[in-house]
Amino acid sequence: MSAERGHWSSRVGFIMASAGSAVGLGNVWKFPYVAGDNGGGAFLIIYLGCVLVFGLSLVMAELAIGRVTQLNPAGAFRKLGGRGWAMVGGMGVLTAFIILSFYIVVAGWTLAYIVFMAGNTFGGLDVEQNTAIFTQFVSSPIQPLVYAAVFTLMVIGVVLGGVSSGIERASKWLMPLLFILLIILAIRSVTLPGAGEGVAFYLMPDWSRVTGATWGGAVSQAFFSLSLGMGAMLTYGSYMSRQQNLARDASMVVGLDTLVALLAGLVILPAVFSAGFEPGAGPGLTFMTLPAVFAEMPAGALFGSAFFVLLAIAALTSAVSLLEVVVSYCVDQKGLSRPAATIGAGAVIFVIGIPVSLSQGIWSDITIAGKSFLDLADFITASVMMPVGGLLIAVFAGWVMGPRAIEALKSHPDQALPLAGLWLFILRFVAPLGIAWILIQGFFF
Ligand code: TRP
């Protein structure tokens, strides 16, 4: 693989696969409950600001670094910045491991919900009963782990297939379907009785609810959703060809990801209010709410199982990009064969996933700093490691590469990039200072 490095077979293939990496559980599972937790409307605006300022600039930076080096993150940073910087790449590999350890667990819930939906488990049930079904399932010791294992095997299968045949083919057809289904669901959700209050909660900013935590939540959600700050986008950029218009393609990926998150919020939050749930109910919110939406639709069981199939596939394409970070590192830097790296890493991730899954049930008493293993893995990666990684990548592109970063962004030497100066300014000043400020106030206030 290091000798004949794979390449995307087309521009659309790259965009779909990158959007496939970005669009995942972060959009449909995480975004609605984080928005709900943080008071809705004002969070939404702050989130959009973070995406536009930090997110887009960093997606472009990661893709440019990957493309110009054609290497994995650790190799890329070492080549351009020397040994010390290779640590940023190494940290990314560790981040990917930790994210995957809870990602496979939540993705396993998604697989389980395909089965529940198809079996019409939720027909005619009320909010309390939906909640009880969710809680009972995630807290049982064995069943969620079986689903997590199935999901892990699927991820390994796709990664073993290689870049073009496996990842691209899976992403290209199914993501548009998920998108269409989300639009249908959003229409159903906002027209449910009592949904208006939820629409207002989601879209009308209430600035009195904004705290330091709102900013921290928005930044970490933006990083998580855009697969940023740990080299996933960098790795995908390393499979890009020089001719591709990087700034334009990056904007497409960021736009698609954000659109899906916005839609998911518009599906979940109005339904939450219509059914009398609490928007701050936490990680179970999507799983507890969606069955109530499907119950109000004709052929709800069919739509419901189709939806969770597509969500599982969105999760799969994201998990694939995470595992790809680990695998390309092991292959390029450690000389392992691709199959050995894939299967080995997959096995380790599943083993770390065991305590994460059990933390929702029999091990729920074990908390560190008040967080279950699942919350802890999520917090350490999305709220600490990824923003710190993003900050370092911004400093790297802005200061270590400097004008060379602009060259790396171009698809040919005399391409005119009118906003390149602004981009460099954001990477040099706005992103490092902004992210540092948000991290510090998240910790201390
Ligand atoms: N962005 C994905 C999501 O929203 C998760 C993800 C995939 C990810 N690859 C990543 C997060 C790399 C961080 C880094 O579900």
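**Contacts, helix packing and cysteines**

Q: What is L427 in contact with, leaving aside its neighbours within four places in sequence?
A: L427 is in contact with S57, L58, A61, A394, V395, A397, G398 and P432. Contact means heavy atoms within 4.5 Å.

Q: Where do these values come from?
A: This is a predicted model, in which local features need pLDDT of at least 70, side-chain atom pairs count only at pLDDT 80 or more, and totals for chains, interfaces and linings use all residues. Residues are numbered from 1 along each chain as its sequence is written, and side-chain values use heavy atoms, with hydrogens and water left out.

Q: OK, back to L427. Which helix is it in?
A: L427 is found in helix α18, residues 420–444. Helices here are DSSP runs (H or I, at least four residues), as strands are (E, at least two), numbered from the N terminus.

Q: Is L427 buried or exposed?
A: L427 is buried, because its relative accessibility is 0%. Buried means under 20% relative accessible area, exposed means over 50%, and partly exposed is in between (1.4 Å probe, protein chains only).

Q: How far is L427 from V356?
A: Their C-alpha atoms are separated by 35 Å, and the two residues are 71 apart along the chain.

Q: New topic: how do α3 and α10 pack?
A: Helix α3 (residues 41–69) and helix α10 (residues 212–225) pack at about 45°, with their axes 9 Å apart. Therefore α3 is oblique to α10. Axes are lines fitted to C-alpha atoms, for helices over the stretch in contact, and angles run from 0 to 180 degrees between N-to-C directions. Under 35 degrees counts as roughly parallel, over 145 as roughly antiparallel, 65 to 115 as roughly perpendicular, and the rest as oblique.

Q: Which residues meet there?
A: From α3 they include F43, Y47 and F54, and from α10 they include W215, V219 and F223. The residues of this contact divide into twelve nonpolar, four polar and no charged. Ala, Val, Leu, Ile, Met, Phe, Trp, Tyr, Cys and Pro count as nonpolar, Asp, Glu, Lys and Arg as charged, and the others, Gly among them, as polar.

Q: And how do α7 and α15 pack?
A: Helix α7 (residues 143–160) and helix α15 (residues 338–358) pack at about 160°, with their axes 10 Å apart. So α7 is roughly antiparallel to α15. Among the residues making the contact are L145, T152 and I156 of α7, and R338, F350 and I354 of α15. This contact divides into twelve nonpolar residues, five polar and one charged.

Q: How many disulfides are there?
A: The structure holds zero disulfides, a disulfide being a pair of cysteine sulfur atoms within 2.5 Å.

Q: Is C50 buried or exposed, and what about C330?
A: C50 is buried, with a relative accessible area of 3%. C330 is buried as well, at 16%.

Q: What about T235, buried or exposed?
A: T235 is buried at 0%. T235 lies in helix α11, residues 232–237. Not counting residues up to four places away in sequence, T235 touches P73, E324, V325 and S328.

Q: What is the phi of Q70?
A: Q70 has a positive phi of about 55° although it is not a glycine. Q70 lies in the loop between α3 and α4 (73–81), and at 24% relative accessibility Q70 is partly exposed.

Q: And the phi of S227?
A: S227 has a positive phi of about 55° too, and it is not a glycine. S227 lies in the loop between α10 and α11 and is buried at 9%.
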